[in-house]
Amino acid sequence: MTPLACSCDAAAELADRLVQHLATPVAPPADEMWMAQSLAKGAAGIALMHVERAHIGAGTWEDAHAHIGRAFAATISAADSTGLFLGAPALAFVLHVAAHPGDRYARALKTLDTHVHRLAHRRVDAAMARIGRGELPAFGEYDIFYGLTGIGAHLLRRDPSGSALERILTYLVALSRPLRTDDDELPGWWVAHDPHGSIPTTHHLGGHANLGAAHGIPGPLLLLSQAARPGSIVEGHHEAIDRICTWLDIWQQQGDAGPWWPEYITRPELHAGTSRQPGPARPSWCYGTPGIARAGQLAAIALNDASRQRFFENALHDCLTDDAQTAKLTGPGLCHGWAGAYQTAWRAARDATTPQLATVLPHLADELVQHTITGPGTEPGLLDGNAGTILALHTAALDAAPISGWDACLLIN
């Protein structure tokens, strides 16, 4: 790609260039048909991008429908391993944001609603039974990608007063409470595996508590805080938000460029009360200050805590204006690149009490454009590929909230 001037027009033009490579629906490999239902890597995520483009008039509903059809090409799974980024919940999320005059997806969405509600109740039953046994969870029980937090993110938009969301929120309140094991008292979201979801290595013996938005406690905090804004509140709701915020306060570190948080806490670090991480990691949505700060900002809004809100907004601003941290963002992607940092900051700026976050957005947009030009990659998907980058470029181009609300899948909206 040839260089473009960094402007709103440049972002729109770059998005149009990238989408040419995602114009034709492509079937997944025969031995990976499940990929069609993947919001992260497959046709579902690419369809989400085409849906937003149809909403804003940059693409057509015919294009969006073709990609939605590809996402529905295989037998849809509502197994207990499915979540917001795979299977029935992922496809329900796509159809919900695709709603437009004519309501062509109403019947399919109604069918998916039934399966998603059953899945949510079934998984809450299993999670609450696990808590009752005093056992540790895994990421897949509660996280945004495949856990109950992600399913709750969809239900908050689709059925905010329904029993399924109510039970998920009640579960997250329980998850926020300490869990007493045979030999220790741990945070309720402490997992026995390592940060990759694998059997722990020597460094991670005893498991860990994750502080990333994608897999850690900021995800449940995002959902609890988002749900409190329209009034979807359960018993112990605000206490759970405050409890999680206190945990973030305890593990906040202070650096030359402002506060930051470790990616995770191991058992020895928990007992010592000190993190061994030497400094802030990359400032991405999935791990790092942006996802945590957005969760903290929304929590402060839910608690009507103006001082805490300013603190998290300042933390996000300081992080994104620190060259040493932003230099660690080497790609344009949504999950851990410039697209996610920009989209998170854009949403936070719209809720901010001061204008300083908004002043950072033009620079972030420039960086997003330039990193997309120099390293767009070949991955087509939403989380790490061009579909997610295109969506953030449209936000930068229009300086307006996505009509589809696609970024609810990151729980920043």
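Predicted model: local features only at pLDDT ≥ 70, side-chain atom pairs only at ≥ 80, totals over all residues.
Residues are numbered from 1 along each chain as its sequence is written, and side-chain values use heavy atoms, with hydrogens and water left out.

**Exercise 1.** Determine how helix 15 and helix 17 pack, and which residues make the contact.

Solution. Two packed helices are described by the angle between their axes and the distance between the axes. Helices are DSSP runs of H or I with at least four residues, numbered from the N terminus, and axes are lines fitted to C-alpha atoms over the stretch in contact, with angles from 0 to 180 degrees between N-to-C directions. For helix 15 (residues 338-351) and helix 17 (residues 386-398), the angle is about 40° and the axes are 9 Å apart. That angle makes helix 15 oblique to helix 17, given that under 35 degrees counts as roughly parallel, over 145 as roughly antiparallel, 65 to 115 as roughly perpendicular and the rest as oblique. The crossing of these two helices is left-handed, a term used if the near helix is turned anticlockwise from the far one by less than a right angle. Helix 15 contributes Ala 339, Tyr 342, Gln 343 and Trp 346 to the contact, and helix 17 contributes Gly 388, Thr 389, Leu 391, Ala 392, Thr 395 and Ala 396, where contact means heavy atoms within 4.5 Å. By class, six of these residues are nonpolar, four are polar and none is charged; Ala, Val, Leu, Ile, Met, Phe, Trp, Tyr, Cys and Pro count as nonpolar, Asp, Glu, Lys and Arg as charged, and the others, Gly among them, as polar.

**Exercise 2.** Decide whether Thr 389 is buried or exposed, and list what it touches.

Solution. Thr 389 lies in helix 17. Its relative accessibility is 1%, so Thr 389 counts as buried, the cut-offs being under 20% relative accessible area for buried, over 50% for exposed and partly exposed in between, with a 1.4 Å probe and protein chains only. Setting aside neighbours within four places in sequence, Thr 389 is in contact with Leu 18, Pro 332, Gly 333, Ala 339, Leu 368 and Thr 372.

**Exercise 3.** Describe the packing of helix 8 against helix 9, and classify the residues of the contact.

Solution. The axes of helix 8 (residues 163-175) and helix 9 (residues 218-228) come within 10 Å and cross at roughly 130°, which means that helix 8 is oblique to helix 9. This crossing, too, is left-handed. On the side of helix 8 the contact is made by Ile 168, Leu 169, Leu 172, Val 173 and Leu 175, and on the side of helix 9 by Pro 220, Leu 223, Leu 224 and Ala 227. The classification gives nine nonpolar residues, no polar and no charged.

**Exercise 4.** State how many aromatic pairs the structure holds, and assign the geometry of two of them.

Solution. There are eight aromatic pairs, counted where rings of Phe, Tyr and Trp (its six-membered ring) have their centres within 6.5 Å; planes under 30 degrees apart count as stacked, over 60 as edge-to-face and the rest as tilted. The ring centres of Phe 145 and Tyr 146 are 6.3 Å apart and the planes stand at 70°, so this pair is edge-to-face. Phe 145 is buried at 9% relative accessibility, whereas Tyr 146 is partly exposed at 32%. The pair of Trp 247 and Trp 251 is tilted, with 5.8 Å centre to centre and 50° between the planes. Both of these Trp residues lie in helix 10 (residues 237-251), four residues apart, about one turn of the helix. Trp 247 is buried at 9% relative accessibility, and Trp 251 is buried at 3%. Finally, ring pairs link Phe 85, Phe 145, Tyr 146 and Trp 285 into a cluster.

**Exercise 5.** Locate Cys 286 and find the residues that it touches.

Solution. Cys 286 is placed in the loop between helix 11 (267-272) and helix 12 (289-303), and a relative accessibility of 4% makes Cys 286 buried. Not counting residues up to four places away in sequence, Cys 286 touches Gly 212, Ala 213, Ala 214, Cys 335 and His 336. Cys 286 and Met 49 are 237 residues apart in sequence and 19 Å apart in space, C-alpha to C-alpha.
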